[in-house]
Amino acid sequence: NQWEVDEIQKICESLLETEDLGSEDWELRKKVLYDLVCHEYYERVGCKEMMSELSERLCVGKEEFLAFADMLNRSGGCEYEKKAAALYHQYGREDKYISYLESHLKKEGKTYAALVDCYQRQGNIDRARKTARQGLEQCRDELTALFIWLLVDARRRGDVEGYKKLYASAK
């Protein structure tokens with residue numbers, strides 16, 4: 001119904017124009033966020049972008065963004081899980097970000113590279129190395145970051161033969 005769509009868009013536009021949206025009670029904002037996440041209706045009526053912007057304006061501070069990420073993650077939608085992972089990463093929940101990456105490796109080199117980066121930041125170099133090698137075996141695209149990481153790692157460890165072999169296979 002076009003009238004309904006127009007009304008939803010007007011409400012969203014009005015809310016987005018509100019300067020102090022984040023000052024409303026968190027419980028109320030949380031209920032609105034829950035409604036936005038749980039009802040795919042908004043996507044079907046063409047309000048997806050507005051709803052995404054609105055959801056980000058409803059959160060103020062790390063704890064609220066992490067609560068929103070939990071909502072997105074529980075929703076089970078692939079796009080929502082990806083957004084939740086980005087929020088986890090942004091707000092310091094590396095454990096949840098790593099969990100997302102580990103469960104979404106598939107055949108994308110950039111996902112393996114992001115996971116390698118996380119492991120390296122945690123000081124888990126062996127796991128980073130294993131993941132980088134696994135990425136080279138599993139993926140056919142976006143391998144540059146993995147090759148570079150493994151080359152730097154081989155040089156750092158003084159593995160001349162491994163470095164030469166890896167360098168030759170990268171060409």
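This is a predicted model: local features need pLDDT of at least 70, side-chain atom pairs count only at pLDDT 80 or more; totals for chains, interfaces and linings use all residues.

Mentor: Residues are numbered from 1 along each chain as its sequence is written, and side-chain values use heavy atoms, with hydrogens and water left out.

Trainee: Why is Asp 153 called buried?

Mentor: Buried means under 20% relative accessible area, exposed over 50%, and partly exposed in between, with a 1.4 Å probe and protein chains only. Asp 153 has a relative accessible area of 1%, and therefore counts as buried. Asp 153 belongs to helix H10 (residues 144-157); helices are DSSP runs of H or I with at least four residues, numbered from the N terminus.

Trainee: Which residues is Asp 153 in contact with, leaving aside its neighbours within four places in sequence?

Mentor: They are Ile 125 and Arg 129, where contact means heavy atoms within 4.5 Å.

Trainee: What makes the buried residues of H7 line one face of the helix?

Mentor: In H7 (residues 94-103), the buried residues are Glu 94, Tyr 97, Ile 98, Tyr 100 and Leu 101. Viewed down the axis of H7, they fall within an arc of 160 degrees, so they line one face; the arc is that of the directions from the helix axis to the C-beta atoms. An α-helix has 3.6 residues a turn, so residues three or four places apart point the same way. The buried residues of H7 pack against helix H6 (78-90) and helix H8 (109-121).

Trainee: How do you know that the length of H8 agrees with its number of residues?

Mentor: The expected span is 1.5 Å times one less than the number of residues. For the 13 residues of H8 this should give 18 Å, and the end C-alpha atoms are 18 Å apart, so the two agree. Buried residues of H8, among them Tyr 112, Leu 115 and Cys 118, pack against H7, helix H9 (125-138) and H10.

Trainee: How is the packing of H7 and H8 described?

Mentor: Two packed helices are described by the angle between their axes and the distance between the axes. For H7 and H8 the angle is about 145 degrees, with the axes 10 Å apart. Axes are lines fitted to C-alpha atoms, for helices over the stretch in contact, and angles run from 0 to 180 degrees between N-to-C directions. The residues that meet include Tyr 97 and Leu 101 in H7, and Leu 115 and Tyr 119 in H8.

Trainee: What are the angle and the axis distance for H1 and H4?

Mentor: The axes of H1 (residues 2-17) and H4 (residues 48-58) come within 10 Å and cross at roughly 35 degrees. Ile 8, one of the H1 residues that meet H4, has 14% relative accessibility and therefore counts as buried.

Trainee: Why is the pair of Phe 65 and Tyr 91 called stacked?

Mentor: Rings of Phe, Tyr and Trp (its six-membered ring) pair if their centres lie within 6.5 Å; planes under 30 degrees apart count as stacked, over 60 as edge-to-face and the rest as tilted. By this rule there are two aromatic pairs. The rings of Phe 65 and Tyr 91 have centres 4.9 Å apart and planes at 10 degrees, so the pair is stacked. This pair links distant parts of the chain, with Phe 65 in helix H5 (residues 62-75) and Tyr 91 in the loop between H6 and H7, 26 residues apart. Phe 65 is buried at 12% relative accessibility, and Tyr 91 is buried at 19%.

Trainee: What makes the pair of Tyr 163 and Tyr 167 stacked?

Mentor: Their ring centres are 6.3 Å apart and their planes are at 5 degrees, so this pair is stacked. Tyr 163 and Tyr 167 are four residues apart in helix H11 (residues 160-170), and so are separated by about one helical turn. Tyr 163, at 23% relative accessible area, is partly exposed, and Tyr 167 is partly exposed at 41%.

Trainee: Why is the phi of Lys 106 noted?

Mentor: Most residues other than glycine have a negative phi. Lys 106 has a positive phi of about 45 degrees although it is not a glycine. Lys 106 is in the loop between H7 and H8 and, at 56% relative accessibility, counts as exposed. Glu 142 likewise is not a glycine and has a positive phi, of about 55 degrees; Glu 142 is in the loop between H9 and H10 and is partly exposed at 43%.

Key:
Helices (H or I, at least four residues) and strands (E, at least two) are DSSP runs, numbered from the N terminus.
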